[in-house]
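Colleague: I have just opened this one and would like a walk through it. Can I start with a detail and work outwards from there?

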Amino acid sequence: MSCEEFQRILPELEDTYSLEQEQHLKTCSHCSALVADLNAIAREALLLADIEEPSPRVWNRIEIALRQEGLIRSAQPAAPTLRKARWNPIWLVPVAAIFLVIFGLLLYQRGGVEPQTAHVLHSTPLPSLPEGVSAEQAELLKVVAAQTPSLRASYESEFRAVNAYIRDAELAVRRNPNDQISQQYLTNAYEQRAMVYEMAMDHGLQ
Amino acid sequence: MSRSLRTVSVAVLSVVVLAAVASSQVRKEFHYQVHRRASVSIFNEYGPISVKPASGHQVIVVAILHSDKVEVDQNHGGNRVAVSSHLLAGADPESGRVDYEVWVPVNASVVLHSATGPIHAEKLHGDIILEGNTADVDVRDLSDGHVHVKTLKGPVTLTNVSEGHVEITSVSGDVALNSVNGPFVQVNSTTGNIRYDGDFGESGEYSLMTHTGNIDATTPSYASIDVYAHSEQGKVENDFLLEPSHTSFAARAGSAFAGTVGKAASSVKLLSFSGRIHLKKR
């Protein structure tokens, strides 16, 4: 049995292997290491079941920290030589992704990300934002101000108001997810924000 | 003698100033022949737009340009007329201002945009879309057409509007509806107050919703409504003796009430997250 054949059927295999497969694992260090890694990941994944899902912001922070450390980079086209390897490199993608997720989650749980994130933030200081306004909205305010300076304050206060609306509505939905009224508040709050965006962009593009 | 001399001097000076202002203004008038249900749009960044009904099938646009920093672009194709203010380099709210007076066939569909306004439309039967940032929007005596209004902080007033879909979205402008009814009436605001004075029609869906604004709805005792009012953090008051109705919404003393008046022909939802709500009997 070749490595290619073994790796092709590996996703369908459970804990038991045929005689031929066991023979291959004994003789191929590469495939046996791969199986060991996958088993380790499966064990860790079971432990994750009870952990509350962190917010997307946490994942962003983790990604920033990992990029800063050089542990992950933008995707590069695969080198042609890899195609000649004995086993299919496509396995690296899910395995690497799962490793990163687990690594990131462990860092998050142990509080290991915060110092790195702080380092990132210190090395690239963000300009101060108007209170109650997101970075994206602040950018839009600049565009509006460039067109009509007098309208900036008006848009800023509208953004602040709709952001507060969304915060309140989100809180209400979180407290009572099945409440139709809370959901309606949230929908309307998002519509209001969308309208402010639309008008600001219309104005900025003139 | 000296007093009358002073009066004459002031009068002469006023005439000179007015003449100077008038000389910087340019009046333009456009006439278009259209068919039934024409589509007319006016886009004006700075300045008022007023639309009234015209006799026959013609559209008349009178534009007063306040400086040479703005010009009027026009486009007339088929049954569509589009007029817009074109701001030139260096234009600001003063120099870029254009005052529009427009006459359209009563059944025309109208789209009006003015950032500063005011925007006014009256006595029409077609669909109307009005948009403004700080523009004061005033609409009266409309029927059979949809009325959609969007403003950031401009107040919106609708008077005598019937038999159309009414959708008003304003972030912080106050909204006043006087004798407004139709199959669908919706107001959505963030900080604006909402005031409704009318009978809620004979069958319609009414939804008045705001985040921090107050809602006052005044309706006669003969109104026929199925009403639900709720304020998450504010108070609700009700002058009517409501018949209990089967609803999924919970009534809570002081913060929510629900029930019917008359035959419950129209559905009325009054929702303010932290504002006060009052259903008043006229």
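Colleague: Leaving aside neighbours within four places in sequence, which residues is Asp144(B) in contact with?

Modeller: This is a predicted model, and in it Asp144(B) is in contact with His125(B), Glu163(B) and Gly164(B), once the neighbours within four places in sequence are left aside. For Glu163(B), the C-alpha atom lies 4.8 Å from that of Asp144(B), although the two residues are 19 apart in sequence.

Colleague: And where is Asp144(B) found?

Modeller: Asp144(B) is found in the loop of chain B that runs between strand 11 (137-143) and strand 12 (147-151).

Modeller: The complex gets an ipTM of 0.81 and a pTM of 0.69 from the predictor. Chain B averages a pLDDT of 90, and 89% of its residues score at least 70.

Colleague: What share of the contacts join residues at least 24 apart in sequence?

Modeller: Taking contacts between residues at least 6 apart in sequence, 64% of those in chain A join residues at least 24 apart, and in chain B 46% do.

Colleague: Let's turn to helix 7 of chain A; which of its residues are buried?

Modeller: The buried residues in helix 7 of chain A are Gln137(A), Leu140(A), Leu141(A) and Val144(A). Seen down the helix axis, the buried residues fall within an arc of 105°, so they line one face of helix 7 of chain A. On the other side of this helix, Ala135(A), Lys142(A) and Ala146(A) are exposed.

Colleague: Why would residues a few places apart point the same way?

Modeller: An α-helix has 3.6 residues a turn, so residues three or four places apart point the same way.

Colleague: What span should helix 7 of chain A have, and how far apart are its ends?

Modeller: Helix 7 of chain A covers residues 135-147, and at 1.5 Å a residue its 13 residues should span 18 Å, which agrees with the 19 Å between its end C-alpha atoms. For helix 8 (residues 152-175) of chain A, the 24 residues should span 34 Å, and the end C-alpha atoms are 35 Å apart, which agrees too.

Colleague: Which residues are buried in helix 8 of chain A?

Modeller: Among them are Tyr155(A), Glu158(A), Phe159(A) and Val162(A). These residues come up again with Val196(A), which touches Tyr155(A), Glu158(A), Phe159(A) and Val162(A), together with Leu152(B) and Val171(B), not counting residues up to four places away in sequence.

Colleague: Which residues touch the most other members of the largest nonpolar core?

Modeller: That core has 86 residues, and Val196(A), Val110(B), Leu208(B) and Leu270(B) touch the most other members. Its largest share, seven residues, comes from helix 9 (residues 180-205) of chain A.

Colleague: New topic: how do strand 13 and strand 15 of chain B pair?

Modeller: Strand 13 (residues 156-162) and strand 15 of chain B pair in the parallel sense over six bridges, and Ser162(B) stands opposite Asn181(B) of strand 15. Strand 15 is also joined to strand 17 of chain B by four bridges, the two running parallel, and there the bridge partner of Asn178(B) is Asp197(B).

Colleague: Is Phe200(B) buried or exposed?

Modeller: Phe200(B) is buried, with 25 other C-beta atoms within 10 Å. Phe200(B) lies in the loop between strand 17 (194-197) and strand 18 (205-210) of chain B, and its phi is positive, about 65°, although it is not a glycine.

Colleague: Last one: where is Pro118(B)?

Modeller: Pro118(B) is in the loop between strand 8 (109-114) and strand 9 (119-122) of chain B, and the peptide bond from Gly117(B) to Pro118(B) is cis, with omega near 0°.

Key: Residues are numbered from 1 along each chain as its sequence is written. Chains are lettered from A and ligands numbered from 1 in the order in which they are written. This is a predicted model: local features need pLDDT of at least 70, side-chain atom pairs count only at pLDDT 80 or more; totals for chains, interfaces and linings use all residues. pLDDT is the predictor's confidence in each residue, from 0 to 100. The expected span of a helix is 1.5 Å times one less than its number of residues. A residue is buried if 20 or more other C-beta atoms lie within 10 Å of its own, exposed if 12 or fewer, and partly exposed in between; C-beta atoms are placed from the backbone. The arc is that of the directions from the helix axis to the C-beta atoms. A nonpolar core is a set of buried Ala, Val, Leu, Ile, Met, Phe, Trp, Tyr and Cys residues joined through C-beta atoms within 7 Å. Two residues are in contact if their C-beta atoms, placed from the backbone, lie within 7 Å. Two strands pair if DSSP finds at least two bridges between them.
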